[in-house]
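Here are my notes on the charged side-chain pairs. Please read them beside the model.

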Amino acid sequence: MKSSSRIGAGVAGAVVGYVATFVLFSLLDLGNHADPITSGLVALFFYSPMGAIAGAVLASWLVTRSGNSGKDAGNGGVARNSLKSLGVVGLLCAAGIGIYIAYAYATATPWLNRNGNNPLLVFEVRFPAGITVPASAQGITIELQTDLNTMPGEVTPAAFYRDGDQPVIAGEVELAFRTSHRQLAVTIQGQPSRIYPIDLTSRAPHTPEFGTWRRLADGSEIRYRAKWPGKT
């Protein structure tokens, strides 16, 4: 019998031994009844691997004996084939774990600040002269729109001011997710909604100062910065 066939049989024996040991452990209800989770982990990572080793050795012995070929017929041949089979099983397990980790990372929720509060997009919007802007939050709606979510924002009436004859409103909205596709919708009651592109990188690093004013076709302008928790 070819070496690859003997190794394949050992791999199959290891898999069968692993599964059979775990099933037997479960059917016989072994382990600590007061702590079934620990018992299950012990079965998965201690007893079942022992069953896999036994299965690989037994399968290698059977196929080596049936082949009855020179140097591979003795204990040395069985040991070599068993080790090779277990090595293949180990590589397959490592590959499976690697694939799982890559999949979990690719599909995980892309929180911007995974271990703390959400950063903020702090903004100011400057309107052309003659535009009527409420002096309070009433009648003004703010919404951050991304390819992952929408987030309502708030205006800060105490920070409203006039730049010459142009009214300026100010506010903030949470940046929850890591994405480079962001825009801010500012709607004043009785006026068309204004959509401002937000040109931040996906990780939106903290900046202490506002960026430059960015103008829309209607003459209104926005400037903004990302503010992270604990920073000013």
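**Notes on the salt bridges**

1. Glu221 and Arg126 are both buried (buried is under 20% relative accessible area, exposed over 50%, partly exposed in between, with a 1.4 Å probe and protein chains only). The two form a salt bridge, with the closest N and O atoms 2.9 Å apart. Glu221 sits in strand β10 (residues 221–227) and Arg126 in strand β1, so the pair ties together parts that are 95 residues apart in sequence.

2. On provenance: this is a predicted model, where local features need pLDDT of at least 70, side-chain atom pairs count only at pLDDT 80 or more, and totals for chains, interfaces and linings use all residues. Residues are numbered from 1 along each chain as its sequence is written, and side-chain values use heavy atoms, with hydrogens and water left out.

3. A salt bridge here is a side-chain nitrogen of Lys or Arg within 4 Å of a carboxyl oxygen of Asp or Glu. That rule gives six salt bridges.

4. Arg126 also pairs with Asp163, at 2.5 Å from N to O. Arg126 is in strand β1 (residues 120–126) and Asp163 in strand β5 (residues 161–163), 37 residues apart. Strands are DSSP runs of E, at least two residues, numbered from the N terminus. Arg126 has 12% relative accessibility; Asp163 is partly exposed at 33%.

5. Asp199 and Arg214 form a salt bridge at 3.8 Å, N to O. Asp199 lies in the loop between β8 (194–198) and β9 (214–215), and Arg214 in strand β9, so the pair links parts 15 residues apart in sequence. Asp199 is exposed at 55%, while Arg214 is partly exposed at 37%.

6. Shared partners join Arg126, Asp163, Arg215 and Glu221 into one salt-bridge network.

How values were computed. Helix = DSSP H or I, 4+ residues; strand = E, 2+ residues; numbered from the N terminus.
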